[in-house]
Amino acid sequence: MPSPKRSIHVVAGVITDARGRILLNRRTENRDMAGLWEFPGGKREDGETSEQALVRELREELGIEAEIGDWIMDVPQEYPDKHLRLEVWHIRSWKGSPRGREGQAITWVAPDKLSRYSMPPADLPVVAALRQPDRYLITPEPDSDAAHQDWYARLARALDAGVRRVQLRTPTSAARIQLAEQVVSRHRSGVQWLLNRDIELARRLGVGVHLGGEQLLQLETRPLPADQLVAASCHDLAQLQAAQRLGCDFAVLGPVQATASHPGAAPLGWEAFDALRAQVSLPIYALGGLGADDIVQARRHGAQGIASIRALWPS
């Protein structure tokens, strides 16, 4: 029988300079995943709190005395030889000049350039958490043409409340095109729009598409260019792996809890969500019976945040 995998708890810090750039370490040649860039930090030892471990690691790696700020997220990740849990914190301030004390290269990177750096799988969801919305609104379909005005008003209220990533679920009829065109033209600036399932309309409007689970398994290549978001609904590992293989920008995984919109679906629960999250590296929103108050819990299990209809759609 193969040896059981070891479990490792790693802490890492997001260090930002006065210009808003983020510090990355490059893994040295004598380590696994040599040459990849990562957020600085290291293994938490027995008897240490996460904050104590991170202060020690940053002193040893970079020669700075750090003050730990807010927690960002935990990321569970499966590697061939280990179970890793990466716990990430903002660094509020530090004393000293960061330098690679262990022979590693370091660099300061603008947040919008982070995706250009090859990073270990566990670090990739952190990049998304730093740069992308922590909530993803899935709109209900308008009940009828007469209800469109109320639907528009509620959507506007959701955007006013700070929602910046939206999946448009529109009727499967000629009205779908008109509704999507009107919404996108009214609110294009500052909002990331994705159309539910309709790849061709998304391509024509220059917006993203949200794929259904069955579409994932039918596609062989990413259906839109890199500047148009591609997301997917997933319910199991095969669909998550298909989403990653296609190059989806993020996925939605659930239901985590029982939900009125899918009353017959058995909820995953957080433990199963955590286990699935650990086997891929793409950003994932937790879906199903969740609201804004669950974002912290979701990030404890490696989620980008939460996706919802009811909890994010104004009543």
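**Reading a buried face, a barrel and a loop**

A: In α8, the residues Trp270, Phe273, Asp274, Leu276 and Arg277 are buried, where buried means under 20% relative accessible area, exposed over 50%, and partly exposed in between (1.4 Å probe, protein chains only). They cover an arc of only 165° around the axis, which puts them on the same side of α8, the arc being that of the directions from the helix axis to the C-beta atoms. This is a predicted model, in which local features need pLDDT of at least 70 and side-chain atom pairs count only at pLDDT 80 or more, while totals for chains, interfaces and linings use all residues. Residues are numbered from 1 along each chain as its sequence is written, and side-chain values use heavy atoms, with hydrogens and water left out.

Q: Across which strands does helix α8 lie?

A: Helices (H or I, at least four residues) and strands (E, at least two) are DSSP runs, numbered from the N terminus. Helix α8, residues 269–277, lies across β13 and β14 and runs at about 160° to β14; contact means heavy atoms within 4.5 Å, and angles run from 0 to 180 degrees between N-to-C directions, with axes fitted to C-alpha atoms, for helices over the stretch in contact. Helix α7 (residues 237–246) lies across β11, β12, β13 and β14, running at about 170° to β12.

Q: What do the strands β8 to β15 form?

A: Two strands pair if DSSP finds at least two bridges between them. Here a closed barrel of eight strands runs β8-β9-β10-β11-β12-β13-β14-β15, with parallel pairing, and the twist averages 25° from one strand to the next. Within it, two bridges join β8 to the parallel strand β9, where Leu137 has Val166 as its bridge partner. Four bridges join β9 to β10, again parallel, and there Gln167 is partnered by Leu194.

Q: Which way do the residues of strand β9 point?

A: In a regular strand the side chains alternate between the two faces of the sheet. In β9 (residues 165–168), Arg165 and Gln167 point one way, whereas Val166 and Leu168 point the other way, and all are buried.

Q: Is Thr139 buried or exposed?

A: Thr139 is found in the loop between β8 and α3, and it is buried, with a relative accessible area of 0%. Leaving aside neighbours within four places in sequence, Thr139 is in contact with Trp151, Leu155, Val166, Gln167, Leu168, Arg169, Ile309 and Trp313.
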